[in-house]
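Have a look at the fold first, then read on.

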Amino acid sequence: MVIADRAARAARAEGANRLARSAVDWLLNGHAADSEDPSLYHGQAGVALALHDAAEHFGDARYAHAAAAVGDALAARVESLEDCSLYFGLAGVAGSLRSLGRDEAADRALSRIQDRFDGERWNEMFELLVGNAGIGLGALWSGEVNLAVMAVTPYLAKADRTAHGVNWPVQPSPPRSHHIAHGTLGIVYSLAAVGQAAAREDLIELALAGAADVVRRNEADPEGFLVAHSDPPHRPELIERYSLGWCNGPAGDAQVFRQLAWVTGDSIWVDLADRCWRTITRSGLPTRTRPGFWDNNGRCCGTAGVLALACDRIVERGDDFHFADVLVDDLRARATIDEAGARWSNYEYRASPSELEPLAGWAMGNAGIVRELLRYARLNDGGFDGYAVQWPDHPGALAAMPLEQPG
């Protein structure tokens with residue numbers, strides 16, 4: 001039985017490797033620098049790191065050369081970029097350049113970020129994808145702790161007291177968002193990470209107050225965790241009240257709770273991450289049970305983001321591979337594969353045609369999916385359990401989590 005299980009897992013690893021290689025080949029077939037977008041979210045900064053991961057995983061010089069070429073293109077763009085954010089601007093570009101060994105270009109990007117700080121923020125957004133929280137994480141990712149502290153310190157003065165903790169005005173509109181991409185938990189993650197790196201207990205305490213506000217908004221039963229997108233609802237004609245992915249749902253909430261577990265050593269955060277996972281696995285995804293329910297394959301709000309958490313749990317919680325297998329089988333079934341390589345079309349039921357064009361980038365396309373397929377393959381083979389480059393808002397998984405037990 002053990003030999004059969006090993007053979008089955010080896011076959012799983014090989015299947016994931018083939019799919020990932022085909023997806024990387026599609027990137028090399030004219031898609032590695034889609035639309036001249038330099039960003040971590042959709043563009044070159046994220047694609048370069050996926051190519052780098054593939055080069056490390058396969059030992060394929062083609063992928064290493066492609067990653068280097070995209071890195072060169074990024075380095076040449078630093079002086080022309082005005083946006084300073086993590087996912088759409090210089091903070092993400094700096095982290096990608098640092099990870100690719102382009103230190104001089106990364107330093108230039110970081111210098112431009114610092115020069116554009118007005119003492120409180122870089123733009124009207126005040127969250128992780130576009131605002132201070134993400135810029136703080138990007139600075140930390142690049143090894144610039146002082147810049148990271150500068151980015152998150154304004155949250156101390158801007159926190160608003162709520163019934164159970166604090167939250168922040170994250171965008172120039174009344175709704176308060178709650179999750180990692182645009183809301184309270186993204187700020188919580190950044191405060192906790194920067195606070196730990198800088199030995200700033202005040203930042204960690206503020207992170208815990210922000211998390212407390214979100215935890216008390218849970219609308220699931222005591223075994224689960226599900227919090228609305230925002231209150232009052234932001235653009236309810238377009239945005240569903242509840243989501244399940246990384247950006248605005250329990251797949252991302254669990255990553256914040258994992259981070260708080262590492263920072264505090266308190267097992268309450270492990271329990272909350274477990275509750276997120278129960279909600280995810282009982283939801284019906286990745287089956288598309290109704291229009292709009294589960295229409296995305298990507299890392300931001302789709303299947304690849306859930307796969308990232310499934311693999312974290314295999315390492316940290318000793319989960320079996322069952323749900324990860326379900327997710328990978330779904331990615332395989334939804335891939336378009338031909339002589340050009342593998343790619344994925346997301347689905348927008350309100351548009352015509354509903355099948356969207358395949359994308360190269362991290363958020364909705366090949367780059368984000370490739371990274372998770374490669375990690376899944378390594379876990380099935382009993383290999384390295386992480387990534388060539390850890391993402392700035394994704395805690396690395398460790399098998400032994402040093403936690404306090406409840407007294």
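Predicted model: local features only at pLDDT ≥ 70, side-chain atom pairs only at ≥ 80, totals over all residues.

## Starting at R235

R235 sits in the loop between β4 and α11, and its phi is positive, near 45°, even though the residue is not a glycine. For context, most residues other than glycine have a negative phi, and most peptide bonds are trans.

The peptide bond from D231 to P232 is cis, with omega near -15°, and P232 belongs to the loop between β4 and α11.

Is H234 buried or exposed? H234 is buried, because its relative accessible area of 17% is under the 20% cut-off. Leaving out neighbours within four places in sequence, H234 is in contact with Q171, S173, P175, H229 and I239.

How many cavities of 30 Å³ or more turn up in a search of the whole structure? The search finds two. The largest cavity holds about 80 Å³ of space. Ten residues line it, and R258, A273, R313, E316 and R317 lie nearest its centre. The elements giving two or more residues to that lining are α11, α12 (268-281) and α13 (303-316).

Its lining splits into five nonpolar and five charged residues, with no polar ones.

Now for the open spaces. The largest pocket has about 1,200 Å³ of space. It is lined by 40 residues, with L238, I239, S243, C301 and R350 closest to its centre. The lining of the largest pocket divides into 21 nonpolar, eleven polar and eight charged residues.

The second largest pocket comes in at about 220 Å³. Of its 14 lining residues, Y189, W391, P392, H394 and P395 lie nearest the centre. α6, α9 (184-198) and α11 are the elements that give two or more residues to this lining. Nine of the lining residues are nonpolar and five are polar, while none are charged.

## Between α12 and α13

N297 is in the loop between α12 and α13. With 0% relative accessibility, N297 counts as buried. Setting aside residues up to four places away in sequence, N297 touches R288, G302, T303, A304, L331, R334, W344, S345, N346 and I369.

P286 is in the loop between α12 and α13 as well. A cis peptide bond joins L285 and P286, and omega there is about 10°.

Where does A199 sit? Its place is in the loop between α9 and α10 (201-215). A199 is exposed, with a relative accessible area of 66%.

## Helix α4

Helix α4 (residues 90-99) is mostly covered, with nine of its ten residues buried. The buried ones are L90, A91, G92, V93, A94, G95, S96, L97 and R98. What do they pack against? Their partners are α2 (44-58), α3 (61-77), α5 (103-115) and α6 (132-141). After α4 comes G101, which has a positive phi near 80°.

## Stepping back

The protein has 15 helices and six strands. Its radius of gyration is 20 Å, close to the 22 Å that the globule rule gives for 407 residues, so the protein is as compact as a globular protein of that length. Along its principal axes, the C-alpha trace spans about 55 × 50 × 45 Å.

Buried residues make up 58% of the 407. Among contacts with a separation of 6 or more, 67% come from residues 24 or more positions apart. The protein exposes about 15,700 Å², and carbon and sulfur atoms supply 52% of that area.

How values were computed:
Residues numbered from 1 in each chain as written. Heavy atoms only, no water. Buried < 20%, exposed > 50% of the residue type's maximum accessible area, 1.4 Å probe, protein only. Helix = DSSP H or I, 4+ residues; strand = E, 2+ residues; numbered from the N terminus. Contact = heavy atoms within 4.5 Å. 1 Å grid on protein atoms, 1.4 Å probe; cavity = no way out; pocket = protein on both sides within 12 Å on 5 of 7 lines; lining within 4 Å. Points joined across faces, edges and corners; volume = space filled by probe spheres on them. Nonpolar A, V, L, I, M, F, W, Y, C, P; charged D, E, K, R; others polar. Rg over C-alpha atoms; globule rule 2.2 N^0.38 Å. Areas by Shrake-Rupley, 256 points an atom, 1.4 Å probe, with all protein chains shown as cover.
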